[in-house]
Amino acid sequence: METTEPARSERPLPERVAAAHRQAEESGFTWSCIPEVGRLLTLATAAKPAGIIAESGTGVGVGTAWLQAGLGAEARLLTVDHDPEVAARAAALFADDSRVEFLVGDWRLLEEHAPFDVFFCDGGGKREDPQRVVELLAPGGLLIMDDFTPSLHWPPLHEGGVDELRLFYLGHPQLSATEVMTTPGSSAIIATRLP
Ligand SMILES: C[S@@+](CC[C@H](N)C(=O)[O-])C[C@H]1O[C@@H](n2cnc3c(N)ncnc32)[C@H](O)[C@@H]1O
């Protein structure tokens, strides 16, 4: 099967994304988002030039760097991680950008900054409290979640059973949502909150 790897390796990464990837390698952090998802993140923040952008699960800052790459001059980006060590590594990469704020603790620390125009929900929230995730979106706000496994079936299946979490988001009455393939073996859910 054809893979997207050649295109991924040929297309240059934004400088800060590359720096975050180097940090991931140095620290052995293997949970960063892939470039296919990263480019969606940049697109989403660029579509909300004065937006409030949120990320749950900073990791070492790869996703943050992709979000920041599309950040407008008037926009703000808040990212949270409950691991102080990874959060500190990531924060060091963005010391020159006052639009980007790092929170250390549970993902619910984001709540006081809602509603969000873009929410990359990648560490906390997605599974624990999906309804709250939806509530934190502004009308027209974009929700992005990666790391799903594509399913050819409806309702979608995962590990032999119906994937109730995916159904929740794809069928939510307050969302217009779809699933896009990010590689032949992975997918992301993209949704917008209806007015
Ligand atoms: C998949 S990684 C994040 C990767 C990052 N978003 C990126 O794209 O490079 C998930 C991160 O979420 C953090 N995390 C998991 N559960 C959390 C929670 N309840 N609150 C805050 N952070 C959490 C983990 O410490 C981990 O660093």
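Q: Where is Pro-115 found?
A: Pro-115 sits in the loop between strand E3 (100–104) and strand E4 (116–121). Helices (H or I, at least four residues) and strands (E, at least two) are DSSP runs, numbered from the N terminus. This is a predicted model, in which local features need pLDDT of at least 70, side-chain atom pairs count only at pLDDT 80 or more, and totals for chains, interfaces and linings use all residues. Residues are numbered from 1 along each chain as its sequence is written, and side-chain values use heavy atoms, with hydrogens and water left out.

Q: What kind of peptide bond joins Ala-114 and Pro-115, and what is its omega?
A: The bond between Ala-114 and Pro-115 is cis, with omega at about 5°. A cis peptide bond also joins Trp-154 and Pro-155, where omega is about 0°. Pro-155 is in the loop between strand E5 (137–148) and strand E6 (157–158).

Q: What makes the phi of Asp-147 worth a remark?
A: Asp-147 is not a glycine, yet its phi is positive, about 70°. Most residues other than glycine have a negative phi. Asp-147 belongs to strand E5.

Q: How do you know whether Glu-159 is buried or exposed?
A: Glu-159 has a relative accessible area of 73%, so it counts as exposed. Glu-159 is in the loop between E6 and strand E7 (161–162). Glu-159 is not a glycine, and its phi is positive at about 50°.

Q: What places Thr-79 among buried or exposed residues?
A: Thr-79 has 0% relative accessibility, and therefore counts as buried. Thr-79 lies in strand E2 (residues 76–81). Not counting residues up to four places away in sequence, Thr-79 touches Glu-55, Thr-58, Thr-64, Glu-101, Phe-102 and Leu-103, where contact means heavy atoms within 4.5 Å.

Q: What makes the pairing of the side chains of Thr-79 and Glu-55 a polar contact?
A: The distance is 2.7 Å. A polar contact is a pair of N or O atoms within 3.5 Å; within protein, one must be able to donate a hydrogen and the other to accept it, and residues adjacent in sequence count only if both atoms are side-chain atoms. The side chains of Thr-79 and Glu-55 make such a contact.

Q: What is the orientation of H2 to H5 called, and why?
A: The axes of helix H2 (residues 15–27) and helix H5 (residues 84–93) come within 10 Å and cross at roughly 150°. That makes H2 roughly antiparallel to H5. Angles under 35 degrees count as roughly parallel, over 145 as roughly antiparallel, 65 to 115 as roughly perpendicular and the rest as oblique. The axes are lines fitted to C-alpha atoms, for helices over the stretch in contact, and angles run from 0 to 180 degrees between N-to-C directions.

Q: Which residues of H2 and H5 meet?
A: Arg-16, Ala-19, Ala-20, Gln-23 and Ser-27 of H2 meet Arg-89, Ala-90 and Leu-93 of H5. By class, the contact of H2 with H5 has 4 nonpolar, 2 polar and 2 charged residues. Ala, Val, Leu, Ile, Met, Phe, Trp, Tyr, Cys and Pro count as nonpolar, Asp, Glu, Lys and Arg as charged, and the others, Gly among them, as polar.

Q: What is the arrangement of H3 and H4 called, and why?
A: Helix H3 (residues 35–46) and helix H4 (residues 62–69) pack at an angle of about 40°, with their axes 6 Å apart. H3 and H4 are therefore oblique to each other. In H3, Pro-35, Gly-38, Arg-39, Leu-41, Thr-42 and Thr-45 meet Gly-63, Trp-66, Leu-67 and Ala-69 in H4. The residues of this contact divide into 5 nonpolar, 4 polar and 1 charged.

Q: How do you know whether Pro-130 is buried or exposed?
A: Pro-130 has a relative accessible area of 15%, so it is buried. Pro-130 is in helix H6 (residues 130–135).

Definitions and conventions
Buried means under 20% relative accessible area, exposed over 50%, partly exposed in between (1.4 Å probe, protein chains only).
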